Amino acid sequence: MRDEFFKIKTYGCQMNEHDSEKIAGVLEEKGYQPTEELEQADVIILNTCCIREKAELKVFGKVGELKHLKRKNPDLIIGICGCMMQQEDVVAEIKEKYSHVDIVFGTHNIHQFEELLKEAQLKREPLVKVWDEGKELIPKMPVRREEDYRAYVTIIYGCDNFCTYCIVPHVRGRERSRPLADIVAEIKELATDGVKEVMLLGQNVNSYGQDFEQEVDFSQLLTEINQIEDLKRIRYMTSHPRDFNQKLIDTVSRLDKVCNQFHLPVQAGSNKILAEMNRGYTREEYIQLIEKIRAKNPNAAISTDVMVGFPGETEKDFADTLDLFKQVKFDMAYSFIYSQRSGTPAAEYKEQVAEEVKKERLQKLLDLQSEISREQNKSYLGQTVEVLIEGPSKKDKSKLSGRTRSNKIVICEGSDDLTGELINVKIKKVQSWTLFGEITD
Ligand code: SAM
Ligand code: SF4
């Protein structure tokens with residue numbers, strides 16, 4: 001029998017990357033092998049993102065490009081899934097303009113992928129399976145992990161926060177936590193398989209357990225995971241500043257495996273904009289939270305997400321964001337230009353900011369953060385830090401790249417077989433986004 005191949009192209013966040021690992025797991029169980037060459041693939045899946053317009057445009061461009069492959073190979077199965085497919089108008093457009101697409105499935109239907117694939121191969125007609133809401137937790141699926149030493153583990157699906165700019169609650173549904181025992185069992189299995197670091201995933205991990213009748217919270221979950229033998233590092237993404245209470249600060253500071261990295265998306269520095277965004281905290285409360293974290297954990301690395309050009313953002317509001325950045329001194333920031341998402345309240349706000357102004361503001365913020373990050377990184381000079389080696393550096397394959405517990409990228413010399421190992425590195429040089437050092441052990 002001829003070998004069969006698949007290619008999955010993933011857009012967007014870690015949630016989508018993890019969903020793609022599950023789709024790949026199903027395909028691998030069915031005997032398919034991964035390929036980087038679209039021409040070689042028998043199954044091509046695009047796992048889409050709709051958080052910003054740019055991400056959506058990229059997907060439409062890619063779907064169009066695939067048409068000639070389907071013409072050359074009519075047996076090719078093309079599937080599209082992910083957040084974009086939870087929007088009715090997008091599915092309608094795909095059905096109307098892209099008849100070469102065989103399968104469309106939503107974020108709540110990922111566990112039905114295997115059936116859909118089988119059906120599409122038999123029937124040769126386009127299939128669409130999109131549920132509006134997650135009817136149940138996604139059943140256990142095989143997972144094909146890219147790395148042996150690191151793994152994603154979903155702890156909570158969906159989001160109930162409804163920030164006024166954000167499409168996520170509309171496409172990922174209401175919050176649904178996974179049972180604690182299931183999560184712990186999965187991580188135990190991963191640790192036995194050699195996984196050293198887990199990334200616990202959720203749009204708002206601090207809400208973990210709030211949908212259960214019995215009292216279980218994120219602190220308790222972390223405490224249980226911390227006891228798993230052979231597991232070395234615990235990360236989580238994303239936590240909402242509004243729900244990051246003193247109990248959680250104490251828990252993450254106390255547990256030795258939880259990394260001293262705090263990713264707390266601030267989104268804006270102006271109280272007026274924060275209220276319009278429905279974030280549920282003021283700039284003063286956010287700054288106070290950072291002070292509490294640093295009081296308990298002076299070496300904590302703090303990162304954030306921020307947006308420029310939210311409707312009605314004046315020069316004064318933007319100056320408040322710059323000022324908050326100067327005051328907090330983040331280690332790192334993911335900065336975005338606000339993108340109008342239809343179906344969200346902010347898309348209807350009248351005072352949309354001009355694209356040129358948004359771009360200028362973004363550049364100013366990027367320049368400021370780059371300077372702050374370089375300054376923050378200077379404290380690492382001469383220090384010896386624990387690094388989990390991820391493999392050859394993308395920029396220079398002759399060097400290794402890895403991450404500290406504080407999530408800083410470290411470049412050092414060493415042999416490829418150190419991939420997946422925890423090693424000590426003495427930092428000799430720092431830049432804004434990277435530390436450079438020498439292995440000491
Ligand atoms: N749940 C997380 C939170 O509350 O921060 C992150 C979700 S989202 C995938 C990641 C980031 O995308 C957000 O923190 C926000 O900065 C950005 N984002 C969300 N909606 C956006 C929009 N309409 N335009 C631009 N950026 C957006
Ligand atoms: Fe979107 Fe806000 Fe939910 Fe994050 S918390 S996913 S930004 S609605």
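His 18 is buried in this predicted model. Its relative accessible area is 4%. Buried means under 20%, so His 18 qualifies. The residue belongs to helix H1, which spans residues 14-29.

What does the side chain of His 18 join in a polar contact? The partner is the side chain of Glu 21, at 3.0 Å.

**The nonpolar cores**

The largest nonpolar core has 68 residues. Within this core, Leu 200, Phe 218, Ile 225 and Phe 325 touch the most other members. Helix H7, residues 180-192, gives the most to this core: 6 residues.

Take Phe 325 as an example. Residues up to four places away in sequence are again not counted. Phe 325 then touches Val 266, Thr 304, Val 306, Phe 330 and Ala 333, and also Leu 365, Leu 368, Gln 369 and Ile 372.

There is a second, separate core of 26 residues. Among them are Cys 49, Ile 78, Met 85 and Ile 167.

**Around ligand 1**

Ligand 1 has 15 residues around it. Which of them come nearest? They are Arg 52, Gln 203, Gln 267, Asp 305 and Ser 339. By class, the shell divides into 7 nonpolar, 4 polar and 4 charged residues. Two strands each supply at least two residues of this shell: E13 (301-308) and E14 (332-337).

| Residue | Protein atom | Ligand 1 atom | Distance |
|---|---|---|---|
| Arg 52 | polar side-chain atom | nitrogen | 3.0 Å |
| Asp 305 | side-chain N or O atom | oxygen | 2.7 Å |
| Ser 339 | backbone N or O atom | nitrogen | 2.9 Å |

How much of ligand 1 does the protein cover? On its own, ligand 1 has 560 Å² of accessible area, and the protein covers 91% of that.

One residue links the two sites.

Note on methods
Residues numbered from 1 in each chain as written. Chains lettered and ligands numbered in written order. Predicted model: local features only at pLDDT ≥ 70, side-chain atom pairs only at ≥ 80, totals over all residues. Heavy atoms only, no water. Near = heavy atom within 4 Å. Polar contact = N/O pair within 3.5 Å; in protein donor to acceptor, adjacent residues only side chain to side chain. Areas by Shrake-Rupley, 256 points an atom, 1.4 Å probe, with all protein chains shown as cover. Helix = DSSP H or I, 4+ residues; strand = E, 2+ residues; numbered from the N terminus. Nonpolar A, V, L, I, M, F, W, Y, C, P; charged D, E, K, R; others polar. Core = buried A, V, L, I, M, F, W, Y, C linked by side-chain atoms within 4.5 Å. Buried < 20%, exposed > 50% of the residue type's maximum accessible area, 1.4 Å probe, protein only. Contact = heavy atoms within 4.5 Å.
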